[in-house]
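Subject: The two-chain model, with notes

Hello,

Here is the structure I promised to pass on to you.

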Amino acid sequence: MKPTLFALLATTALIAAPAFADDRLAVLETYADIAEAGYADSLATAQALQAAVAALVAAPSVEALAAAKTAWLAARVPYQQTEAFRFGNPIVDEWEGRVNAWPLDEGLIDYVDMTSAAVNEENDFALLNVIANPRFTLGGAEIDAVEITPALIGEVLHEAEGIEANVASGYHAVEFLLWGQDLNGTEPGAGARPHTDFMQGAGCTGGNCDRRAAFLVAATDLLVADLEEMAANWAEGGAARAAVLQDPAKGISAILTGMGSLSYGELAGERIKLGLMLHDPEEEHDCFSDNTHNSHFYDGVGIRNVYLGSYTRPDGSTVSGPSLSALVAAADPAVDAQLRAELDASVAALGSIKAAAEGGMAYDQMLGLGNDAGKELIEGAVSALVAQTRSIERAVAALGLETVAVEGSDSLDNPTAVFQ
Amino acid sequence: MRRDLALAFCLCLATPAVADVAETVTDHILPGYARFSDSAAALGAAAQADCRPAALRGPWNAAFDGWMGVSHLRLGPVEEQGRALAIAYWPDPKATGARQLVGVLAAADPALLEPGAMAEASVALRGLFGLERVLYGPDYAEGSYACGLARALAGDLANTAGAVAAGWGTPGGGGYADALLAAGAAGNASFLDAREARQALFTQLITGLDFIADQRLGRPLGSFDRPQPARAETLLSGRPLRNVALSLAALREMAQTLAPEAAATQAALGRAITLAEKLPDPTLAGVADPSGWLKVEILQQAVHAARDTAVAEIGAALGVGLGFNAADGD
């Protein structure tokens with residue numbers, strides 16, 4: 001009797017184990033499919049931006065600048081949703097600083113108002129102004145920056161001297177070149193760079209318009225190249241896709257670690273709460289364009305996407321499949337139900353910020369001392385993100401997993417981490 | 001290590017609950033916050049009597065010592081309303097506090113000195129680091145705006161410290177202490193079971209050690225080729241190393257209460273504390289030359305070692321892994 005029972009149990013175990021593994025693999029396939037689509041959409045919208053930038057520098061006008069700004073704003077929508085793939089996937093984490101580094105000492109790139117917060121005593125290059133200076137010294141070496149190329153931006157200037165605030169590439173560098181500094185503090189108004197900053201010959205404002213145009217083109221080209229690289233990493237046969245599918249337990253941990261780290265330390269803490277606590281628009285994520293409400297909102301949507309296993313693309317079509325939500329529900333329905341409700345609540349809270357911003361109260365105004373309505377909106381989003389983090393931890397526990405150690409966060413290679 | 005922890009978790013389920021959480025709350029957290037709150041209140045009272053730097057540097061240092069006993073705790077009342085940042089906004093890589101102080105001194109707005117007004121101001125301006133900039137900056141006279149600012153900052157800090165201590169309360173008093181002590185009780189939404197409470201405290205211990213290694217030591221260390229002595233914590237008041245030693249001692253106490261049997265962790269923390277106490281470099285300025293840099297790095301390695309030991313030993317003892325914390329993200 002006993003041997004038979006043992007054999008039966010063993011058989012059951014053998015059957016059950018692969019079935020569970022298959023469930024997880026199917027969830028991870030969905031996750032990788034969403035990443036592939038998200039980065040492909042980020043790439044396509046960045047290519048549209050590249051075309052708009054080409055048109056702007058070819059014939060600067062109010063309309064051409066507005067069109068480039070519109071293209072930049074559209075490019076942010078899919079990209080921000082991919083931020084949920086950070087903090088759990090080393091391939092993404094090693095790459096991310098090239099495309100979305102923030103906050104930046106924009107004086108590295110171009111002229112700034114010398115009475116503004118662009119001055120940073122911890123960064124010798126905060127006011128380097130590469131656009132005005134074709135030759136300079138960096139780390140003891142003479143740099144020839146006569147020609148502004150993607151290589152100069154990505155390999156020489158970006159994170160120069162290991163200082164993360166030296167951001168020369170990515171969305172925020174392009175944003176600065178399109179909008180310019182927002183000098184309105186917590187009052188209404190975004191950056192107001194004139195289109196004549198790109199005018200060649202007579203009519204050029206801000207000086208060195210040829211170099212400014214060259215910088216904008218090179219930075220946009222580099223952004224497109226970087227996004228091409230990440231889209232390929234998640235396509236069939238790509239390294240990031242292979243990495244999550246290789247070990248189902250680690251892959252599922254990566255999803256939850258990304259969700260929790262983005263919700264709590266990054267979004268609720270560093271990007272949202274800190275700005276309010278400092279009443280400082282320098283802490284605004286998309287500070288030149290006043291697009292922060294959208295950046296935060298689509299981060300929240302992205303976190304929910306990877307949990308529910310569904311992503312809506314810019315063209316309205318959806319990419320979906322077996323979800324992590326179902327996996328958690330099988331382990332503990334109560335944890336899943338609560339987490340789904342909390343993800344909806346955080347998207348709604350971030351949506352309230354978006355609605356208020358679209359209604360005329362820009363995100364930087366919400367940070368202002370004495371703006372109680374803005375403070376309430378922001379605190380609502382922080383509370384919702386903190387609440388869902390606890391449930392994400394419970395989902396980790398329900399699945400019998402551990403979170404992946406977040407390599408490099410808050411470490412020597414990142415001396416500018418603020419929210420500790 | 002993942003397998004070891006999983007195995008330990010299974011074993012733990014079979015053993016009765018230990019008094020780990022209760023001991024940490026009653027023997028470490030509550031006394032620590034009481035000391036900090038008392039020292040901050042004393043600083044507030046001293047500023048009422050005499051707000052000049054000479055009179056306040058002593059009480060300010062005592063309050064900072066008090067904070068070192070609890071600065072690693074980033075859960076509960078200190079996380080509400082941004083209190084942790086309002087007490088200690090550091091690091092401040094964009095020098096926001098210094099920039100805002102210049103603006104405030106130039107504006108000399110009397111409204112900011114009114115009771116309660118400072119509570120609404122930027123956290124970078126406030127707290128222990130805001131006071132340090134005022135008390136160790138240019139000297140000022142009684143009756144000046146800077147003097148009034150020091151008084152307002154000290155009062156605000158005392159209020160914040162008092163609010164944190166009150167928020168924790170005493171066992172049975174209905175505060176945050178009870179949420180931890182009664183983990184798993186009906187209606188306790190913060191901690192659904194004892195494991196969640198253990199994980200929360202364990203996460204504080206480990207991230208506290210990370211903060212010492214990565215920030216208090218890591219910032220001035222910079223890199224071997226490019227040390228950053230100016231980035232040390234509380235450089236103006238000359239106590240960067242003291243902070244490291246005191247904070248390590250507090251974390252050793254926390255580890256002792258959380259897992260009294262964790263001998264390897266105690267030994268590793270003891271080694272780090274000894275190294276800190278013997279380092280003849282109170283401001284960590286020695287990082288500017290190679291031999292001094294290496295000495296500070298040895299201390300940092302000892303903290304890393306203690307951290308790794310604690311993760312393995314105490315994580316296994318408690319049957320938990322690390323939870324999410326405010327230092328996640330970049």
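First, some housekeeping. This is a predicted model, in which local features need pLDDT of at least 70 and side-chain atom pairs count only at pLDDT 80 or more, while totals for chains, interfaces and linings use all residues. Residues are numbered from 1 along each chain as its sequence is written, and chains are lettered from A and ligands numbered from 1 in the order in which they are written.

Chain A

Chain A has 13 helices and four strands; helices (H or I, at least four residues) and strands (E, at least two) are DSSP runs, numbered from the N terminus. Of its 420 residues, 55% are buried. By that I mean that 20 or more other C-beta atoms lie within 10 Å of the residue's own, with 12 or fewer making it exposed, anything in between partly exposed, and C-beta atoms placed from the backbone.

Strands S1 (residues 135-138) and S2 (residues 141-144) of chain A run antiparallel and are joined by four bridges; a pair needs at least two bridges found by DSSP. Arg135(A) sits opposite Asp144(A) of S2(A). Two residues lie between the strands of this hairpin, and Gly139(A) has a positive phi near 55° there.

Further along, helix H13 (residues 372-398) of chain A holds Glu379(A). Is Glu379(A) buried or partly exposed? Glu379(A) counts as partly exposed, because it has 16 C-beta neighbours inside 10 Å. Its C-alpha atom is 9.1 Å from that of Ala268(A), although 111 residues separate the two along the chain.

Chain B

Chain B has twelve helices and zero strands. Its radius of gyration is 21 Å, close to the 20 Å that the globule rule gives for 330 residues, so chain B is as compact as a globular protein of that length. The radius is taken over C-alpha atoms, and the rule is 2.2 Å times the number of residues to the power 0.38. Along the principal axes, the C-alpha atoms of chain B fill a box of roughly 65 × 55 × 30 Å. Buried residues make up 54% of this chain.

Where they touch, domain 1 of chain B supplies 16 residues and domain 2 of chain B supplies 15 residues; a contact means C-beta atoms, placed from the backbone, within 7 Å. On the domain 1 side, H9(B) gives the most, with seven residues.

The core

Which residues touch the most other members of the largest nonpolar core? Among them are Ala219(A), Leu205(B) and Ile314(B), in a core of 226 residues. Such a core is a set of buried Ala, Val, Leu, Ile, Met, Phe, Trp, Tyr and Cys residues joined through C-beta atoms within 7 Å. Helix H1 (residues 2-58) of chain A makes the largest contribution, 16 residues. Both domain 1 and domain 2 of chain B give residues to this core, so it lies between them. Leaving aside neighbours within four places in sequence, Leu205(B) is in contact with residues including Leu251(B), Ala255(B) and Ile314(B).

Best wishes

Terms used: Contact = placed C-beta atoms within 7 Å. Domains from an automatic or database assignment.
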